[in-house]
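Here are my notes for you to read alongside the model. Keep the 3D view open as you go through the points.

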Amino acid sequence: MPFGSQRTIKLYTPHPAQKLIVESPKRYKIIRCGRRFGKTLLALNEIVIASLRKPGDYWIIYPTYRQAKSVAWKTLLGILEKIPGIVKKVRHVDLEVDLANGSNIALKGSDKEHSLRGVGLSGVIMDEYSYIKPHIWFEIVRPMLVDSKGWAWFISTPKGYNHFYELWQKANPNKFEKFHFTTYDNPYIPKSEIEEARAQMDEDTFAQEFLAEFRRLAGAVYKEFDRDTHVIKPLKTIPPEWTIYTAIDFGQVNPTAVLWIAIKPDDTMVIFDEVYEAGLTIKELAERIKQKEYTLEIRGRTADSAAAQQIKELEQYGIYCRGVSKKGDDRENYVKAKIKKVIERLKPSPITGKPRLYVTDNCHNTIFEFENYSYPSARTSERNPSELPVKAFDHAMDALGDFIYDYDVPHLTKRRKRRILVGGDPITGYGKIAI
């Protein structure tokens, strides 16, 4: 039967809670749900149905490309196979499908921001929105819906009081409809399985993951970080009496993170700018740094001493860094030691009652990592005291932690405080020491 002929095809049957979401007429929907609620099948089936009803471009955005491919790609193709003649072309690398009616369905990873620009959208689903940086929606995706007056869904399990919480709290009821469902609301999940999970998890983790309640992030490394306290407006100017430093954490497959940190005479630090991008060559990184530092007087730059080759290659472009040794304290693991130093600055000073570390709200990735850098999930009674954070959402945190530890604990390198290597002589290449 040729495409376009009238026929009935059953894709899926939404369970009662899902049906409430589907039948809502609102343009924007926020779905706050527990694990195993059935959000993946809901999202994939509904994006297919939308693309059949109205030709256009439709996306589902996941936190990462890898997640989009491993969690949803095969399932999407399986759903489309139920509709004879609908698939026109499949691009497996791009995770895109062109349909015979002119629609396009694509699965995207928010970690590849360059792939998220330049197209108008008829509809989009942000899956696991708690793990997607908020500027992806506000600065990139939202403008794509303007011409078509497209719709958007935000589906997620909570993750502390981050941007998903803010979206939930501040959503305009005239434009948004909010749904809150727990894992218990999926009739296909045995209650015994949920109760077994409850017995194996601490109260906050279970409440967040299965009951979809907003709780302080279980296992957060920087529980002291609070947007209302630590996030400030961008700096219009930097007073000449402030000193400015650059902190670098090199990445290849993972993002390279570069932070610019201004320090006031009273020792308060302000992270005021960032570069956060995967796949940068050393030449490209040097260009980014020079662009950012064009009008700045940099007192010094730090980088992980283990990245000796990258540090050396940067020198060829006139960017000089001092490698930070990871010796740590005799009694503490280095990672734990630098986390401790960052926490000391996040906490209110006993003298002023204010923290000594702030970040401006244009540093999206740094704020995101502050809120998502965490220890492995486990029952509180089972957590190993020596356990280190998960190696995720830690690139800006590593750059910051290395810098603060190096700045605040000078005795480990037997040097005077604030004695950091800065740019070398352009002719000889030798570095200079700034006090």
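1. Start with β12, which gives five residues to the lining of the largest pocket, the most from any element. Strands like this one are DSSP runs of E with at least two residues, helices are runs of H or I with at least four, and both are numbered from the N terminus. A quick word on the source: this is a predicted model, where local features need pLDDT of at least 70, side-chain atom pairs count only at pLDDT 80 or more, and totals for chains, interfaces and linings use all residues. Residues are numbered from 1 along each chain as its sequence is written, and side-chain values use heavy atoms, with hydrogens and water left out.

2. Now the largest pocket itself, with a volume of about 1600 Å³. Of its 50 lining residues, Pro63, Thr64, Asp111, Lys133 and Pro255 are the closest to the centre. The elements that supply two or more lining residues include α3 (65-81), α9 (282-293) and β12 (269-277). On a 1 Å grid over the protein atoms alone, a pocket is an open set of points where a 1.4 Å probe fits, with protein on both sides within 12 Å along at least five of seven lines; lining residues have an atom within 4 Å of a point. Points are joined across faces, edges and corners, and the volume is the space filled by probe spheres set on them.

3. What is that lining made of, by class? You'll find 17 nonpolar, 15 polar and 18 charged residues in the lining of the largest pocket. Here Ala, Val, Leu, Ile, Met, Phe, Trp, Tyr, Cys and Pro count as nonpolar, Asp, Glu, Lys and Arg as charged, and the others, Gly among them, as polar.

4. Next comes the second largest pocket, at about 970 Å³. Asn162, His163, Glu166, Lys170 and Arg227 are the closest to its centre, out of 37 lining residues. Helix α5 gives the most to this lining, with five residues. By class, the lining of the second largest pocket has 18 nonpolar, five polar and 14 charged residues.

5. Cys33 counts as buried because its relative accessible area is 0%, where buried means under 20%, with a 1.4 Å probe and protein chains only. Cys321 is buried too, at 3%.

6. Finally, zoom out. The chain has 13 helices and 17 strands, and 51% of its 435 residues are buried.

Conventions. Buried < 20%, exposed > 50% of the residue type's maximum accessible area, 1.4 Å probe, protein only.
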